[in-house]
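This briefing is intended for reading alongside the sequence and the 3D view. It begins with a single helix residue and then turns to strands and cores.

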Amino acid sequence: MTVQDIRAFNRFYTNVIGALDYSRQLYAPYTLTESRVLYELAHSPRTDAADLRGELSLDAGYLSRILNKFERAGLIERTASRKDPRRVRVTLTPRGRETAALLAERADESVGALLATVPAAERPRLSEAMHTVRTLLSDGRPPRREDVLLREPRPGDLGWMVARNAALYAAEYGFNADYEGLVARIVADFAEDHDPHLERVWIAELDGRPVGCVMCVRDEAPATARLRLLLVEPDARGLGIGDRLVSAVVDFARGVGYRDLVLWTNDVLASARRLYQRHGFVLTAEKPHRSFGQDLNGQDWHLDLTEPTGAGG
């Protein structure tokens with residue numbers, strides 16, 4: 001392989017995905033870079049301008065012009081970070097979230113149309129080839145925090161949540177099939193009937209595969225949300241995924257107007273409990289119980305969303 005081979009491939013793929021005329025490709029008034037900035041903001045619950053510059057390798061002046069355009073259009077808000085006033089936190093407005101969701105939908109449709117031209121029998125070969133390119137050109141680099149993205153669930157992801165919760169809790173805590181049944185009911189209830197404005201699921205993705213998840217649903221108590229089914233795959237731990245997932249729930253719940261966020265867990269989940277504490281959750285009650293084939297100590301935790309969270313900036 002020569003340099004010219006790679007450049008030829010780059011030109012070919014640029015034309016395939018319409019990178020040079022991205023706005024026409026998606027019927028939207030945004031360039032590929034602008035769309036990528038919106039994507040990062042939609043999938044990173046806590047992002048500042050410095051983060052965006054680093055993750056996207058953008059010139060500070062160029063990024064500033066993009067953010068100014070977004071602010072004029074009512075897509076973002078910029079505020080000083082509570083932890084470091086020198087850093088500017090950038091968040092999407094409701095209009096910005098709608099715009100990002102629309103761009104994502106159109107991008108999915110565009111890629112779906114491209115994939116439809118590939119015979120089903122050839123798609124595994126295409127997937128393996130793409131994986132090979134990514135692996136070889138990453139030069140064996142271990143995954144980084146910025147390689148993880150948070151996204152909406154896709155078809156099959158809810159089933160993955162049930163399967164991985166059951167498998168991991170069986171392997172790590174000895175839970176029996178009763179736990180799988182509980183998770184299946186929680187996920188089925190969400191899939192069959194949820195309010196997308198007040199309830200949401202996040203999937204953490206790394207190298208094209210799901211490695212974590214969490215859910216925010218309405219609780220029976222008024223103005224109260226419940227955090228459920230937080231999970232991070234063992235081989236993806238240490239990348240701050242759990243922190244980002246909990247941050248996503250806290251920010252979402254506060255943003256849509258909930259006053260309280262609650263969760264139930266067991267004291268054997270030590271790492272998760274420490275994570276909740278860092279985000280300001282307070283233990284309100286605990287009770288021994290026999291569930292999932294184990295003797296456990298259940299715990300109720302509460303976060304007052306009318307007060308600033310203790311984690312993040």
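Arg97 is found in helix H6. The model that shows this residue is predicted. Arg97 is partly exposed, with a relative accessible area of 42%, a value that lies between the 20% limit for buried and the 50% limit for exposed residues. Although Arg97 and Leu75 are 22 residues apart in sequence, their C-alpha atoms are 7.6 Å apart in space.

**Helix H6**

- Helix H6 covers residues 94-115, which amounts to 22 residues.
- From its first C-alpha to its last, H6 reaches 31 Å, close to the 32 Å expected at 1.5 Å a residue.
- Gly96, Thr99, Ala100 and Leu103 are the buried residues of H6. These residues lie on the same side of H6 because they cover an arc of only 95° around the axis.
- An α-helix has 3.6 residues a turn, so residues three or four places apart point the same way.
- Pro94, Glu98 and Asp108, on the other side of H6, are exposed.

**Strands S5 and S6**

- Strand S6 (residues 209-218) is mostly covered, with eight of its ten residues buried.
- Strand S5 (residues 200-206) runs antiparallel to S6, and seven bridges join the two.
- Within this pairing, Glu205 has Pro210 in S6 as its bridge partner.
- S5 and S6 form a hairpin with two residues between them. In the turn, Asp207 has a positive phi of about 55°.

**Strands S6 and S7**

- S6 and S7 also run antiparallel, joined by six bridges.
- Val217 stands opposite Arg226 in S7.
- The hairpin formed by S6 and S7 has five residues between the strands. Ala223, in the turn, has a positive phi of about 55°.

**Strand S8 and its neighbours**

- Strand S8 (residues 260-266) is largely enclosed by the rest of the structure, because five of its seven residues are buried.
- S8 pairs with strand S7 (residues 224-232) in the parallel sense over three bridges.
- Arg226 has Val262 in S8 as its bridge partner. The chain passes from S7 through helix H10 (residues 241-255) to S8, in a β-α-β crossover that is right-handed.
- Strand S10 (residues 294-304) runs antiparallel to S8, with seven bridges joining them.
- Trp264 stands opposite Asp300 in S10.

**Nonpolar cores**

- Which residues have the most contacts inside the largest nonpolar core? They are Trp202, Met215, Leu227, Ile241, Leu245, Leu261 and Phe281, in a core of 53 residues.
- H10 supplies the largest share of this core, eight residues.
- Leu261 touches a set of residues that includes Ala225, Arg226, Leu227, Val249, Val250, Ala253 and Phe281, with residues up to four places away in sequence not counted. Trp301, His302, Leu303 and Leu305 are also touched by Leu261.
- A second, separate core has 19 residues, among them Tyr30, Ala49, Leu75 and Ile76.

**Points to locate in the 3D view**

- Leu75 belongs to the second core, and its C-alpha is 7.6 Å from that of Arg97.

Conventions
Residues are numbered from 1 along each chain as its sequence is written. This is a predicted model: local features need pLDDT of at least 70, side-chain atom pairs count only at pLDDT 80 or more; totals for chains, interfaces and linings use all residues. Side-chain values use heavy atoms; hydrogens and water are left out. Helices (H or I, at least four residues) and strands (E, at least two) are DSSP runs, numbered from the N terminus. The expected span of a helix is 1.5 Å times one less than its number of residues. Buried means under 20% relative accessible area, exposed over 50%, partly exposed in between (1.4 Å probe, protein chains only). The arc is that of the directions from the helix axis to the C-beta atoms. Two strands pair if DSSP finds at least two bridges between them. A crossover is right-handed if, with the strands pointing away from the viewer, the path from the first strand over the helix to the second runs clockwise. A nonpolar core is a set of buried Ala, Val, Leu, Ile, Met, Phe, Trp, Tyr and Cys residues joined through side-chain atoms within 4.5 Å. Contact means heavy atoms within 4.5 Å.
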